[in-house]
Amino acid sequence: MGRRAELVVDGKVIDLDVRRSQRARRILLKIDPRLGAQLIIPRGVPREEALSFANEKSEWLRDRLAGLPAPIPFCDGAIVPILGRPHRIRHTTATDLFHTRVRCESGELLTDCERDDSADKIRAWFRENAREALSVRARTAAGRIGAEVSRITIRDPRTRWGSCSSTGALSFSWRLFMAPEWVLDYVVAHEVAHLIEMNHGRSFWRLVNGLVGRIDEAKSWLRHSGPRLHRYG
Ligand SMILES: [Zn+2]
């Protein structure tokens, strides 16, 4: 099945990312900060039916897309947050950087301008720093509640910031390294608490509470500002 489709509203083309889902119960239209308009088709529903549903909602889609903040690529001059603080990406020469390729220094993120893969290098830099920041926090927090982390994976999931498996493996989004530290701390505490309580019951929240403050604030930050982190890169 083709992954893209086009809708036309008032003579303008809306590009649609089309995918099938085994879990979806009904046809879904969503706005994703990076993929734009997305059409999710549940099992058994013909593509044509889903497309005509999308077509009926095309004006709503157009309005939502117009309100979407523009993507911010990792390029020279772009402002990106690092632990909640804005940094300007600046291309520089490799000699300034020695062998590091990417370096964070007094409000700037320096990259090697002679290479055209600098966006990849910045992404790798974020992954690496996220891994370090999240690993230290997760192992410390786990130690405090007598739990053990078996493995930490850094990914770029679309909707979740972290997850915890029954084998004690934690997974986090590298984009958390853009969020303020107290948000990072909350996501870590949340996943670490799942090492003991695999649910969101009262004892789970008691554990989270014992590990970290500003829980409601962090949850609301993730709800409102979290999706905006997907604009970068
Ligand atoms: Zn949870």
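## Burial and overall make-up

Of the 233 residues of the protein, 26% count as buried, a residue being buried if 20 or more other C-beta atoms, placed from the backbone, lie within 10 Å of its own. This is a predicted model, in which local features need pLDDT of at least 70 and side-chain atom pairs count only at pLDDT 80 or more, while totals for chains, interfaces and linings use all residues. Residues are numbered from 1 along each chain as its sequence is written.

The protein contains seven helices and 11 strands, taken as DSSP runs (helices H or I, at least four residues; strands E, at least two) and numbered from the N terminus. Its C-alpha atoms fill a box of roughly 55 × 55 × 30 Å along the principal axes.

## Confidence

The average pLDDT, which is the predictor's confidence in each residue from 0 to 100, is 90 for the protein, and 94% of the residues score at least 70.

## The four-stranded sheet

Four strands form an open sheet in the order S1-S2-S4-S3 with mixed pairing, where two strands pair if DSSP finds at least two bridges between them. Strand S1 (4-9) and strand S3 (28-32) are the edge strands, each pairing on one side only. S3 and strand S4 (residues 36-42) run antiparallel and are joined by five bridges; leucine 29 has leucine 39 in S4 as its bridge partner.

Definitions and conventions
Buried ≥ 20, exposed ≤ 12 C-beta atoms within 10 Å, placed from the backbone.
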